[in-house]
Structures are given as C-alpha cells and as structure tokens.
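Me: I've just opened this one and I'm new to it. Can you walk me through it?

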Amino acid sequence: MKNSKEFRSWLDGMNLGHPLTIAGPCSAESREQVLETARRLTGGRVTVFRAGVWKPRTKPGNFEGVGEIALPWLMEVKKETGLEPFIEVATPYHVETALKHGINMMWIGARTSANPFAVQEIAEALKGNKEVIMLIKNPVNPDLSLWIGAVERIFRAGITNLGVIHRGFSVYQQTPYRNKPKWQIPLNFKRTYPDIPMIIDPSHICGRRDCIFEIAQMALDLQYDGVMIESHYNPDEAWSDANQQITPEALHDIIKRLIVRKPEAEEDIYRNKINEFRRHIDIIDDQLLELLSERMRVVRNIGKLKRMQNISLLQPGRWNDILEKVVEFAEKNQMSEEFIRAVYTAIHEESLWQQKNGKKIEED
Ligand code: PEP
Ligand code: MN
C-alpha cells in the first residue's frame, strides 16, 4: 500500500478540524435523543456526530440498534447543526443503506475488523464511492497485522479518505480498563503508516467516565489526530454503554481542558518531541514492570516445584547460561556488559528471594 501524504491531507481538506473531534451517543435510540444530543454538542470543537445504528453486541438479547429508521434522524442532524453523521457498518447491506440515505462517513467496529471475510465484503460494497470517509477500529484482539490488513482491504477498494481508531484490546484478566490500551500497537501502526490519521476512542478503552480525559490527553501527547467520545443527553438511561457515556456539557469541558500540541509550531517542536518521547518511555516502563512481575510469578512457581522435589534453589549452570545469553544480547544492542550484569544480578537475587519466600505467597 502506498503511503502518500494524501492520507493526512484528506482530514485538513474536509474542514472537519484538526484534531478531529467526534462525539455522539453509543446508539441512536430515538429521534428526540439523537437531535437533542446533537444540538447540545454544537458550539464547540465537535464537527462529527457519531451514533451506532446497528449494534454488534457480545451477547444476544441486548439492544441491537434501531436500524435504518435512525438514518433520516442523522440526516436531520446534519441539516440542522452541520455536524457530519458517522455510523458503524458491518455488512454490505449496512454500507448500501447508509449510502442510500446520504451518509458518507462510516467506521468498521472492533469485532468486524478482526474478520477479513467481513472486511472484504464491506470493501466490495464501497467500490466506486471515493468520497466516502472510512475509519477502521483496531480489532478486539491485539494483532497489528490484522488491523493493517483491514485498512489495506479498504484502501484497495479505492477509498483513500482513510483513518484508524484506537479503542483498546480485550483482555481476559481484570484491568482498570474495559479494553487495555496497549499503546505500543497503535504506535507501531503509526510507524508503519505515519500519514494515516489516528483517532483515540477513550470511551471504549475506559468503560467508565473518570479516565476519558487522561486517555485522550495521552493520545494527543503522542500526536494522535483526533478523539471520539461517546456522549448522550441522559447517560445514565442510555440503552448501551451507559457507564462510559457523558453529557454534552461534560464533553465540552473535557475538550476544553485537553492540551493540543501542534507539531508545526516552531517554538513547540522541542517540547512536543520531548513530551512524546517521555510518553513513550512511560509506556515501555509499564511493560517492563508487567514483565518483571510476570517473571517473578513464574519464579515463585519454580520455587514451589523445587521444594516439592527437594532440589536446591541455586543452580549455577542455569544462571551462567542466562548471563552469557544476556551479555551477548547487550553487546549487540548498544548496552554495556557492566550494565546488563548489574541488572541481571539484581533480578537473580530477587528471584532467589522469591523462590525461598514464595511459600507465603498464594500461587495458582
Ligand atoms: C462503538 O463505537 O459503539 C462500538 C461498538 O465500538 P467497538 O467496535 O470499539 O466495540
Ligand atoms: Mn459504545
């Protein structure tokens, strides 16, 4: 796939604002809810009005969207407020129906982008509609190639007004997030296709209201191109994702507090760059800590096993093998032998301590 400047320029050329600010309810529920929410979202930086019309639900029996009847409500929003309607499509029928009603901006959801068959069918249905703007959410599973593959399928259908949405990844463990951000994946996407606009969806990452600002600011510090936040005129009564939706007024407040760092502003170049690097380091440190704690968990299990078999804790042969391997790696990767020895000696000492004292710690 060619990586021309046209990707970012579509965003500026469309008069939708930079950073792109998308807001609206998780689902369209009624004409009144759609119009009232949209009216209250005007007057600030919001230029695009999102609303799910067909809802992919994890379990059957939940609200699955009102369907086609909502499309005229969205066109009414456009006429009355000027906000651009934006909906989720998952099948060729959704694409055709949206186009028939004059909807030109669509996203592919996280459950759909994980399925190449479905994405290919959507791509076929889009062929010949060059004016359409398509944003592709990351797949639910943390797979960068699958995400890139989905984008390439849409691009090959002749759609160049392309963007991506980072909405986090599902994980089995309990985490503070509904969907873990795993920032290294979108950052790798940006490295591969730096000119494709990247939008953050803090609502689906957080799953709750109180971390939306923090995730959105993090993304802007990492030079994302926009935000998409769920907003409902009466969030507590929303038919889907009630916990994460916020009122239009709360949304305006968040948008106002967000600091947008323009990469073009001369005097800000140094500050922006250093900020971006620091954010990157924070992400790597989080990963390092998670990996270290995972290593210690495994170590405690080894300790338990050794005790059961009555084997001594210290096995010098194994330790020497590890040291040899890490020193060789360090030399090839611009790190000194002294440094890596110090790091690994500390890890080894802690590991021995954990093996010995692991009895007191409950392990599965
Ligand atoms: C949505 O944006 O409402 C949605 C269903 O999102 P996702 O596909 O990210 O779960
Ligand atoms: Mn939602």
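Me: What spacing do the donors of the manganese ion (ligand 2) follow along the chain?
Reply: They follow C-x177-H-x25-E-x10-D. Donors here are N, O and S atoms within 2.8 Å of the metal (3.2 Å for Na, K and Ca), and water is not among the atoms, so sites may look incomplete. Keep in mind that this is a predicted model, where local features need pLDDT of at least 70, side-chain atom pairs count only at pLDDT 80 or more, and totals for chains, interfaces and linings use all residues. Residues are numbered from 1 along each chain as its sequence is written, chains are lettered from A and ligands numbered from 1 in the order in which they are written, and side-chain values use heavy atoms, leaving out hydrogens and water.

Me: Which residues coordinate the manganese ion (ligand 2)?
Reply: Cys-26 (SG), His-204 (NE2), Glu-230 (OE) and Asp-241 (OD) do, at 2.1 to 2.4 Å. His-204 sits in helix α9 (residues 202-206) and Asp-241 in the loop between β8 (226-230) and α11 (248-257), so this pair ties together parts 37 residues apart in sequence. Helices (H or I, at least four residues) and strands (E, at least two) are DSSP runs, numbered from the N terminus.

Me: Are His-204 and Asp-241 buried or exposed?
Reply: Both His-204 and Asp-241 are buried. Buried means under 20% relative accessible area, exposed over 50%, and partly exposed in between (1.4 Å probe, protein chains only).

Me: New topic: what volume does the largest pocket have?
Reply: About 800 Å³. On a 1 Å grid over the protein atoms alone, a pocket is an open set of points with protein on both sides within 12 Å along at least five of seven lines, and lining residues have an atom within 4 Å of a point. The volume is the space filled by probe spheres set on the points.

Me: Which helix gives the largest share of its lining?
Reply: That's α12, with ten residues. Of the 29 lining residues, the closest to the pocket's centre are Arg-295, Ile-322, Tyr-344, Ile-347 and Ser-351.

Me: And what does Ile-322 touch?
Reply: Arg-295 and Tyr-344, not counting residues up to four places away in sequence; contact means heavy atoms within 4.5 Å. Ile-322 is in helix α13 and is buried, with a relative accessible area of 14%.

Me: One more: where does Thr-97 lie?
Reply: In helix α4 (residues 92-100). Thr-97 is buried, at 4% relative accessible area, and touches Trp-54, Glu-68 and Leu-71, leaving out residues up to four places away in sequence.

Terms used
On a 1 Å grid over the protein atoms alone, a cavity is a set of points where a 1.4 Å probe fits but cannot get out, and a pocket is an open set with protein on both sides within 12 Å along at least five of seven lines; lining residues have an atom within 4 Å of a point.
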